[in-house]
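Q: Hi! Could you walk me through this one? I'd like to start with a hairpin.

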Amino acid sequence: MAWTNGFHNSVNQDRMYNADQMSSIFNGLITDGVYQSVGKKLAVEPNEGLTIQINTGRGWFNGRWVNNSTPYLLTLAEPDVTLNRYAAICIRVDTTDAVRSAIPYVKYSNFATVPVKPTMVRTETIKEYCLGYVYIGKGVSSITQAVIEDTRQDTELCGWVTGLIDQITPDTLYSQFKAQFDQWFEGLVDIIDED
């Protein structure tokens, strides 16, 4: 159906809406990513040993909201004794009927001397957003902040939620107002010169 509209009160269940329709009202108004002003902004941080945490915060990913009110713990898989790898700390949005969730997820690279960071899946039904990469060195027993790469600001991997206010900067508005004023003033000067 090409044309849709809503929302209207239902009479005898003749107006039924689904989650996609509810989420679609934000399309074009806000972007996918992490809210910069809520909690600890879903920051990936070390915890104890091989456990990391996604700190408090909120996000909007592929038309789905996530809210984390306490640090969310994830224990990483044991490292190899001779090779290294990366762990991508993701929010994985799966809209298939069997799953329907937006959950934290650890995605690993292959073991290698020089590992390659995992890439994010972006299909019609599954989208992954990387909050950070963790470098897991050979034989390590704990994770430190130094081996965590924050990727929340990277719009290709995650990004910050931006909205209408962020799409027009004060500089742009000032430039528009100044151009209009200058044009008006030049017209006024021409009128005064003619008189």
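Q: Which residue takes a positive phi in the hairpin of strand 7 and strand 8?
A: R100 does, with a phi near 50°. That hairpin has 6 residues between the strands. Strands here are DSSP runs (E, at least two residues), numbered from the N terminus. This is a predicted model, where local features need pLDDT of at least 70, side-chain atom pairs count only at pLDDT 80 or more, and totals for chains, interfaces and linings use all residues. Residues are numbered from 1 along each chain as its sequence is written, and side-chain values use heavy atoms, with hydrogens and water left out.

Q: How many bridges join strand 7 to strand 8?
A: 8 bridges, and the two strands run antiparallel. Two strands pair if DSSP finds at least two bridges between them. R92 stands opposite I103 in strand 8.

Q: What order do the strands of the open sheet have?
A: The order of its 4 strands is 8-7-9-10, with antiparallel pairing. Strand 8 (101–108) and strand 10 (148–150) are at the edges with a single partner strand each, so one side of each has no neighbour in the sheet.

Q: New topic: how many aromatic pairs are there?
A: The structure has 3; rings of Phe, Tyr and Trp (its six-membered ring) pair if their centres lie within 6.5 Å, with planes under 30 degrees apart stacked, over 60 edge-to-face and the rest tilted. One of them joins Y86 and Y133, edge-to-face, at 6.3 Å centre to centre with 70° between the planes.

Q: And where in the chain are those two?
A: Y86 is in strand 7 and Y133 in strand 9, 47 residues apart.
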